[in-house]
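Hi there,

Here is the structure I promised to pass on. My notes follow below it.

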Amino acid sequence: MANKVELEDVQGIIIKGYGKMPHAAYLLLHFNEKQKAKSWLTDIAEKVTNATLSTKDDAVKHAINIAFTQKGLAILGINDTVMNTFSREFEEGMVTPHRQRVLGDFGESDPKHWDWGNESDKQAVDAVLLLYAKSKEGLDSLIEAQQKSFDTHAISLLNRLDTVSLHENKEHFGFRDGIAQPVMKDAGRREEKEHSANLINPGEFIFGYKNEYDQYPFSPNVPSEMDHQDILTPDLTTQGRKDLGKNGSMLVFRQMQQDVVGFWKFMEQSVTEQGVDDTSASMDALAAKMVGRWRNGSPLAKCPLEPNDKYKTFDNFGYAQHDFDGFKCPIGAHIRRANPRDNFLRNSSNSKEKDMEKSQKFMKRFRILRRGRSYGEPISPTLDPKEVLSSSKTDKDRGLHFLCFNANIGRQFELMQQTWINNPKFAGLYEDPDPIIGYPEIMGKGATTTFTAQEQPLRKKTTGIPRFVQIKGGAYFFMPSIRALKFLANC
Ligand code: HEM
């Protein structure tokens with residue numbers, strides 16, 4: 001029997017992107033006093049938005065969600081023994097020499113240069129409050145009300161990270177974003193509309209449900225006696241423990257600064273060097289190959305020659321049958337390496353069908369729910385490359401607040417980042433980390449990325465690609481269930 005997700009206990013942003021709430025800000029908080037922080041939490045737990053909320057409802061004006069770092073949980077009274085039931089990635093945090101290597105955070109992206117996430121304990125990020133509203137005024141008044149409550153509860157607002165909604169749901173390089181998303185089974189989404197490869201067991205994203213290994217993900221838990229008020233449910237795998245994780249998830253937050261002018265200047269220069277007739281169209285095509293979708297969103301695997309509005313949010317496609325060799329969507333394109341779909345296993349058996357079937361099953365274990373938003377004023381409101389190149393703006397104060405949810409940071413987000421995105425030898429390539437967000441210096445000091453487009457009769461290589469995206473802050477968070485929030489306020 002399917003185990004329906006308890007939507008009323010899950011924080012809304014895990015299940016929904018709040019697309020109807022275009023105004024959002026993320027507040028990074030530090031707790032100065034345990035008891036005052038707990039009393040604030042008692043109050044906020046009543047206001048947090050759960051996943052039953054319908055943003056279509058006119059009466060719904062805003063949403064509030066919250067997540068904690070390891071340091072935040074420690075201040076709230078989670079002792080070392082309980083902390084050890086969390087994953088190592090979460091316990092250690094994003095800023096350790098080991099994680100730096102896993103994630104490729106060196107050079108300008110070195111945590112020592114970050115704007116947040118690398119603070120000393122006295123000013124460490126303990127929690128992030130995610131605020132969403134339908135109107136700008138709604139967001140402003142939400143923030144104002146929160147700020148008042150911070151003052152009375154000895155909470156420091158370390159940083160207010162604003163977001164922007166860009167033209168046609170695009171990110172700053174000008175590509176439509178937020179198209180390919182896995183759909184969580186048994187969570188009230190319209191499953192019949194989905195292709196089966198995209199329907200994923202809840203345990204890949206939230207604790208307390210079976211994952212794609214047909215197992216319960218390791219959920220953080222507490223000794224039963226710690227739950228004086230009997231708020232939490234019993235832990236499913238360990239007797240005498242209560243489940244702190246159930247209906248909660250792990251949130252990865254990375255502030256990624258995008259060099260938009262540098263991106264398009266590079267595309268222009270590359271195609272000019274190749275001596276093409278129509279620079280604008282060729283720039284567009286080269287960038288689209290690097291992403292794997294045209295700027296309007298249509299996937300190259302479906303529309304290899306030109307963008308087609310009919311397919312601008314199309315996601316029901318694979319690579320194995322009609323684009324095995326990458327002649328349509330290059331094998332090293334951002335979306336093809338972040339989700340190789342049915343083509344992950346290449347020639348691993350003597351049957352293409354078997355490989356496809358196995359790939360689809362295998363890939364269900366490496367998906368993430370992306371919930372990020374852009375920040376910073378766009379270089380040009382239309383995001384059109386020609387306008388970007390003729391603009392007098394050259395600052396780099398814009399990018400993506402990349403947020404994603406998964407139940408296992410190591411197996412999902414970090415594997416994707418390390419083994420696929422930053423891997424120069426991904427799927428038989430040679431010196432090709434991800435052309436959009438990869439870390440070239442993994443190949444040695446001063447190294448730049450090569451991008452190979454598989455073509456006939458000969459593949460085409462674009463060389464000397466610099467790093468267009470730098471990390472400016474980040475942290476791993478635990479987003480508890482509503483029940484667990486109440487427990488944390490009372491334990
Ligand atoms: C500034 C940083 C980034 C930019 C500009 C960017 C851009 C894009 C774009 C334009 C798409 C295609 C639209 C869509 O399917 O939603 C996409 C898809 C995707 N990106 Fe990124 N991305 C960034 C960072 C990341 C990071 C850090 C990860 C994970 C480590 C990631 C993982 C993915 C995944 C999994 C997909 C969907 C692939 C698919 O299922 O087809 N992205 N990204």
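A residue is called buried when its relative accessible area is under 20%, exposed when over 50%, and partly exposed in between (1.4 Å probe, protein chains only). Please keep in mind that this is a predicted model, where local features need pLDDT of at least 70, side-chain atom pairs count only at pLDDT 80 or more, and totals for chains, interfaces and linings use all residues. Residues are numbered from 1 along each chain as its sequence is written, and side-chain values use heavy atoms, with hydrogens and water left out.

Ala154 has a positive phi near 55°, and with 17% relative accessibility it counts as buried. Leu383 has a positive phi near 65° and is also buried, at 3%. For context, most residues other than glycine have a negative phi, and most peptide bonds are trans. Gln456 and Pro457, however, are joined by a cis peptide bond with omega of about 5°.

On to the ligand: His334, through NE2 at 2.1 Å, is the only protein donor of its iron atom. Donors here are N, O and S atoms within 2.8 Å of the metal (3.2 Å for Na, K and Ca); water is not among the atoms, so sites may look incomplete.

Finally, Leu251 is buried, with a relative accessible area of 0%. Lys193, in contrast, counts as exposed because its relative accessibility is 59%.
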